[in-house]
2 protein chains.
Amino acid sequence: MSPTSNTREQIIDKAFQLMLQRGLNGFSYRDISEPLGVKNAAIHYHFPNKMDLIKALIDENHLVLRRSTSEFMAYGGPARPQLEGLFAFTLNQCQCGRPICMVGALAIDYDDLTDEIKNANDRFMKDSVNWLTRVMEIGRDQEEFHFDGDAASKAVSILAMIQGARQLARVHGLDYLEKIFDQIRTDLGIKD
Amino acid sequence: MSPTSNTREQIIDKAFQLMLQRGLNGFSYRDISEPLGVKNAAIHYHFPNKMDLIKALIDENHLVLRRSTSEFMAYGGPARPQLEGLFAFTLNQCQCGRPICMVGALAIDYDDLTDEIKNANDRFMKDSVNWLTRVMEIGRDQEEFHFDGDAASKAVSILAMIQGARQLARVHGLDYLEKIFDQIRTDLGIKD
DNA sequence: TCTTCAACTTACTTACAGGTAAGTATATAA
DNA sequence: TTATATACTTACCTGTAAGTAAGTTGAAGA
């Protein structure tokens, strides 16, 4: 790979932003190529078809997830900062023009997806749930959090809530996000 | 209007199903006209452009909401069946091939929407929140539900959770829905 | 120096999107 | 009986989507 060209990375960045802004069917090759100053065929060179591109986005996103959770998954630690980190990340994404989350964007166009994409998305989600489940378990053990029911269900319900929150926030503004984060804290018996 | 023709209603029905299955940009006039055995131009006759069609879908959906909540909004009553009704409705929609909710479908393509559509969607959401807020208030007053924080925040967080749950359920199956409903019950201190 | 390869561009194709204008069949009203 | 409105169809338009095949360029290796 030429050291002076990072077209591939720029394509992924742009496509990622577009997908989280408009969904899978809401952007075209042109929307990527034009701002990057390349031709559509340049995208096809790096990603023969759209599914190859989507696959790269999921893998990239999965990598980000792994990097930011691996330490906690390996060594544990306080749970509260993990949860707050998720809130901060979510807020930041919304502020940076990525209003909807990847799983949500893919869920809309789920029938169009290839099995490979479905599986990659599935693995991403399972890792997300596993991480938050562990955060919930450890948080309850350490009495940082208080909740009834099993940790996995609680984790799934919080992820669902955040996913929905991002969509509601798009319609009603970012205040909604903070409101819902606060409700999650309240539900977990966090008082400060 | 001819009494023998219900093309307009059939178009709305089909478009509604398609939108909740594939999102705003995921279906075309052809997807509607072909199964109905009419031509694309027939749709344009009833709805000059796509936004007119979407507007009709929102209005139709809003009507359904009003019909199913008006009695409780006017006279109150037990809160628990209201919540369970929402769960049953959501599950039924998913089982009938409408995996995602309308607000979620519109949130993805939010930037494309006209102001008229945004406002209509906004009013629909506000009515939904108002209804569930009242359910939460009355439920807490009558000691059917137990939760901390204000009723409006709790209502918004539950709606967000259900919205997210529908998307997760698409990826991971309907079991996820029931799991999340159970967690909502648990969080509200419902034991039976 | 010649070859080779990566990383593109140019130029094209096919398919389909939303939309429109003009024509047609049927029912009703004057 | 004629006019008129409703509910369409036919035939078309423009724009854009994803995708492809063949050509170009510039750098690195033999």
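This is a short tour of a predicted model with chains A and B.

Start by selecting chain A and colouring it by secondary structure. Chain A holds 9 helices and 0 strands. Along the principal axes, the C-alpha atoms of chain A fill a box of roughly 55 × 35 × 35 Å. Of the 192 residues in chain A, 41% are buried. Among contacts in chain A with a separation of 6 or more, 69% join residues 24 or more positions apart.

**Both chains.** Next, show chain B together with chain A. The same surface serves both copies, since 100% of the contact residues of chain B recur in chain A.

Now go back to chain A and select Glu143(A), which sits in the loop between α7 (115–141) and α8 (151–172). Is Glu143(A) buried or exposed? Glu143(A) counts as exposed because it has 8 C-beta neighbours inside 10 Å, and the cut-off for exposed is 12 or fewer. Its backbone is worth a look too. Most residues other than glycine have a negative phi. Glu143(A), which is not a glycine, has a positive phi near 60 degrees.

**The other copy.** Finally, select Glu143(B), in the loop between α7 (115–141) and α8 (151–172) of chain B. Glu143(B) has a positive phi of about 60 degrees. Glu143(B) is exposed, with 8 other C-beta atoms within 10 Å.

Definitions and conventions
Residues numbered from 1 in each chain as written. Chains lettered and ligands numbered in written order. Predicted model: local features only at pLDDT ≥ 70, side-chain atom pairs only at ≥ 80, totals over all residues. Least-squares fit on C-alpha atoms with pLDDT ≥ 70 in both. Contact = placed C-beta atoms within 7 Å. Helix = DSSP H or I, 4+ residues; strand = E, 2+ residues; numbered from the N terminus. Buried ≥ 20, exposed ≤ 12 C-beta atoms within 10 Å, placed from the backbone.
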